Amino acid sequence: MLKKVLAVLLSLTCLAALFAGCSGGGSSAAGGSSAAGGSSAGGEKTGEGKTIGIALTSKALARTNLDSIYLTQYLEEMGYEVMIQYSENDVAVQNSQIETMVSSGIDGLIVSPSDGTALAGAMELCHENDVKVCDYDALIMDSEYIEYYATDNLFEVGRCQGQYIVDALDLENETGPFNLEIFAGSMTDNNATYFFDGAMSALQPYIDNGKLVVQSGQVTFAECSTEKWNAANAQTRADTILSTYYSDKRVDACLTQNDDLATGVISALKSVGYGTADKPLPVTTGQDCNVSAIKSIIAGEQTSTVFKDIKELARAASNIIDCMVNGREVVIPEDKLGYYNNNVVDVPTYQVSPMVLDKSNWYELIIESGFYTAEDLGMTEEEAKAAA
Ligand code: BGC
């Protein structure tokens, strides 16, 4: 119903803006070069004289750097002043950063929560001060003031990861059994539940029929979660699992739900001898396309990741906040529209479609699309082509 209402509430100028920012399917990785700032009919800079606050999580996360680069670029192209803050995953810090930005007079806020369960008060403050909010990446729970959200198709990200393992082990045809261990994200990140459920939708049938065995027995989200998505925490848990359950067994696949977790788990695996011809590394997954993960995939260590087009995401969020701040209706193209429930409202959401990346398609997805340059990966063009 809401979907229909939204579809009708379109302002043509914002329609143009969102389409302008969201070229093609998930594979294009473009968007960075398409005209930003086209959100006003006359072509004038719609952000002039206005400020957008950006509240992000940790600077240490590779993807957060890309979030900040592209959000800043697109908003500045529209004429906005940009104020950017990182909470380093401390939600008290993030709350006070938002308070400070609100009292400094920002017009709009793009916020990626450090802890989605602890920002409802800050959202109320934004509402009271007429600061428009576009939620970014992870959902802020328990707040009626979240009007729009830009993220990835979260269940699909997880499903892609699980299906990658199913395909890599050829579980349809092989009898196995194969050993699997599961490393999920943070329990305070609403996204992580979707990733976990998506992955299990592909893996559970094979756990049920015995082709996949989780020797540790740790199969619930709570058991498999990793505090703060921290690589070192994943490594510690992997160390314990390997020494307790695998002294005389081999692990064939690890569902590692982002690139940081994959890094931690691969370190644990290598420390007990995986990564040689006799003892190859298991199939691993990831998401974010961190530069280090792409290098690891090229080197044959991490097996796969999920490409989530941060340019498209940043473009969508920039256009949403631009529409909101200028009092125009937001429209999300039908093929990108989803709804995420934050316990209070179903939040209309722009969803980026994920794509699996591995050794077979990294060059096309990452280099040919212009998402990274060969230089970003520490290579010359020729070296990158040769490695593809
Ligand atoms: C994001 C992932 C990221 C993770 C850890 C999730 O909410 O969607 O891209 O890897 O947080 O920061």
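A residue counts as buried if 20 or more other C-beta atoms lie within 10 Å of its own, as exposed if 12 or fewer do, and as partly exposed in between, with C-beta atoms placed from the backbone. The model is predicted: local features need pLDDT of at least 70, side-chain atom pairs count only at pLDDT 80 or more, and totals for chains, interfaces and linings use all residues. Residues are numbered from 1 along each chain as its sequence is written.

**Figure 1. Overview of the protein chain.** The chain has 14 helices and 13 strands; helices (H or I, at least four residues) and strands (E, at least two) are DSSP runs, numbered from the N terminus. Of its 388 residues, 49% count as buried. Two residues are in contact if their C-beta atoms, placed from the backbone, lie within 7 Å. Among contacts between residues at least 6 apart in sequence, 75% join residues at least 24 apart.

**Figure 2. The buried face of helix 11.** The buried residues in helix 11 are Ala293, Ile294, Ser296 and Ile297. Viewed down the helix axis, the buried residues fall within an arc of 160°, so they line one face of helix 11; the arc is that of the directions from the helix axis to the C-beta atoms. Their cover includes helix 10 (259-271), strand 10 (304-307), strand 13 (355-358) and helix 13 (362-368). After helix 11 comes Gly300, with a positive phi near 85°.

**Figure 3. Surroundings of Ile297.** Ile297 belongs to helix 11 (residues 291-298). Ile297 counts as buried because it has 24 C-beta neighbours inside 10 Å. Leaving aside residues up to four places away in sequence, Ile297 touches Gln302, Thr305, Asp358, Lys359 and Trp362. Thr284 is 13 residues from Ile297 in sequence, and their C-alpha atoms are 9.8 Å apart.

**Figure 4. The open sheet with strand order 7-6-8-9.** The sheet has four strands with parallel pairing; two strands pair if DSSP finds at least two bridges between them. At the edges are strand 7 (212-213) and strand 9 (283-284), each pairing on one side only. Four bridges join strand 6 and strand 8 (residues 253-256) in the parallel sense. Leu180 has Ala253 in strand 8 as its bridge partner.

**Figure 5. The shell around the ligand.** The residues surrounding the ligand are Leu61, Arg63, Asp137, Ala138, Gly185, Asp189, Asn191, Trp229, Asn258, Gln287 and Asp288; a residue is near a molecule if its C-beta atom, placed from the backbone, lies within 6 Å of it. The shell divides into three nonpolar, four polar and four charged residues. Ala, Val, Leu, Ile, Met, Phe, Trp, Tyr, Cys and Pro count as nonpolar, Asp, Glu, Lys and Arg as charged, and the others, Gly among them, as polar. At least three shell residues come from each of domain 1 (2-146 + 311-353) and domain 2 (154-307 + 358-387), with bounds from an automatic or database domain assignment.

Figure 6. Trp229, one of the residues surrounding the ligand, lies in the loop between helix 8 (221-224) and helix 9 (231-245). Although not a glycine, Trp229 has a positive phi of about 55°. Trp229 is buried, with 26 C-beta neighbours inside 10 Å. Asn89, in the loop between strand 2 (81-86) and helix 4 (91-103), also has a positive phi, near 65°. Asn89 is partly exposed, with 19 other C-beta atoms within 10 Å. The peptide bond from Gly176 to Pro177 is cis, its omega near -5°. Pro177 lies in the loop between helix 6 (154-168) and strand 6 (178-183).
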